[in-house]
Amino acid sequence: MRLFFWVLFIALILTSCDKQVDPPAAYGPIPTDRQMSWQKMEFIAFFHFTTNTFTGLEWGYGDESPEIFNPSDLDCRQWVRVAKEAGMKGVILTAKHHDGFCLWPSAYTSHSVKSSPWKDGKGDVIKELAEACEEYDMKLGLYLSPWDRNSSIYGDTAYITYYRNQLREILTNYGDIYEVWFDGANGGDGYYGGAREVRRIDRTTYYDWKHTQEIVRELQPNAVMFSDAGPDVRWVGNEHGFAGETNWSRLNGNDFYPGSPNHMELPSGQENGVDWIPAECDVSIRPGWFYHEAQDSLVKTVDDLMQIYYNSVGRNGTFLLNLPPDKTGQINKHDVEVLKAFRVALDNEFVDNLAAGKEVSADSWRAENKEYAASNLTDENEETYWCTDDEVLSGVVTIDLGGQMEVNRILIQEYIILGQRVKAFVVEAMLDGSWEEVTAGTTIGYKRILSFPTVKTEKVRLSITASNASPLLNNIELYRAPDNNR
Ligand code: FUL
């Protein structure tokens, strides 16, 4: 009899211990470490600054005299401080825009700060910005325009060598660079060393991007490269800062190139794309990319920025917001004021995560093993996730708030380290004893944030209704934000 109880006891212990279950295999392309680090930055500053700041142009022709570049009080520490206080994690500077003027003293041209009166030609904007980033613990990215309207050799193969030499300079002399921005605007009329003519290049072949990209990998292996086609980060296809409501971080990178005409596909990416190339949403806080005094009254409002935030970070993208330094060499006070107010408003949206630590149940989870249980969704640990068995392509998770609470925002994250999977979901709240839909969506990706009219409820449930592989989610948050129409 005693033996029988012992056997029963041991059997009970064994069955209550979860067996080791293999994690799901990756589905489709997956992010690299550098892409994950970039994605988690979420909010980044863009600084457009060159001779245009002093001429009032948006695209300098290339014949601007370096004499006009003379900021009266340039302070890169102010730029970085403004970005940091706004909650941004990094900054990207136009080291060279289409006019060809270099913000660093390049050894390959005199068309740079070294020919300007600023600091008697001894200044270096990249260096000052790199030092400020170091001081404020911010990451530094650089934009080097492939199109150069100043260069006499633009259009020849010799220009590609010139461009790569400049790339080597900026990736060698300024410490860690986290992102390199390859713009798509290309070819057309320009000064070109005095030729003043139209020069067209074949965008598909002229730059031989593959070999240029190798330079970035060699000199800054942790940097992501941005362009219409990636290879690491793609343009979102518009300059409003809006990702598609459906936004796959997948793309057939080979079908695109910087300046390719099929950019209508970029806001949504491609569901079956063979490459992992997530979207970056670039937009200026003003109508123009460069500072123009006449646009001081046209700075975007807090509401504008909030809408962009929801349509970029809230739609599986990053938000790259341009804050153009003015003629003094500082971020203009109009922009700073709006940005400060935006930060306060954004913090107010996400004050108290009502789902944190709450009980969650699921209709199924992988091998019924607690390692993959729904409780992972509210444990505030991004490394743990809920997932279903491989063949189960849908699932329902229910969060019990433990009492009636007002809710109007949901934030959902997929465990994208194993690929992007979900293609449709519905969110419901228990109202007067029955489930009512409050919002719905398609893709989730790294982060999806949805706003819906305030409901008072005790339970919220998320149904994954379609997924290309077993859904994997690592986080759900719920908030009661101030009433507004985001
Ligand atoms: C565009 C450029 O032509 C604009 O001047 C700006 O730099 C924007 C970010 O990219 O393609």
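Here's a quick briefing on a ligand site and a helix pair in this structure. Keep in mind that the model is predicted. The ligand sits in a shell of residues that includes Trp-59, Tyr-143 and Asp-282, and the protein covers 91% of the 290 Å² of accessible area that the ligand has on its own. Elsewhere in the briefing, you'll meet helix H4 and helix H9, which pack at an angle of about 25°.

**Around the ligand**

- The residues surrounding the ligand are Phe-46, His-48, Trp-59, His-97, His-98, Tyr-143, Trp-181, Asp-183, Ala-185, Glu-239, Asp-282 and Trp-289.
- Sorted by type, that shell splits into six nonpolar, three polar and three charged residues.

- Asp-183 has a polar side-chain atom 2.7 Å from an oxygen atom of the ligand.
- For His-98, a polar side-chain atom lies 2.8 Å from a ligand oxygen.
- Glu-239 also puts a polar side-chain atom by a ligand oxygen, here at 3.4 Å.

**Helices H4 and H9**

- H4 spans residues 76-85 and H9 spans residues 333-349, and their axes are 9 Å apart.
- Angles under 35 degrees count as roughly parallel, so at about 25° H4 and H9 are roughly parallel to each other.
- On the H4 side, the contact is made by Gln-78, Val-82 and Glu-85, while H9 brings in Val-336, Leu-339, Lys-340 and Arg-343.
- By type, the residues of this H4 and H9 contact come out as three nonpolar, one polar and three charged.

Conventions: Residues numbered from 1 in each chain as written. Predicted model: local features only at pLDDT ≥ 70, side-chain atom pairs only at ≥ 80, totals over all residues. Heavy atoms only, no water. Axes fitted to C-alpha atoms, helices over the stretch in contact; angles between N-to-C directions. Helix = DSSP H or I, 4+ residues; strand = E, 2+ residues; numbered from the N terminus. Parallel < 35°, antiparallel > 145°, perpendicular 65-115°, else oblique. Contact = heavy atoms within 4.5 Å. Nonpolar A, V, L, I, M, F, W, Y, C, P; charged D, E, K, R; others polar. Near = heavy atom within 4 Å. Polar contact = N/O pair within 3.5 Å; in protein donor to acceptor, adjacent residues only side chain to side chain. Areas by Shrake-Rupley, 256 points an atom, 1.4 Å probe, with all protein chains shown as cover.
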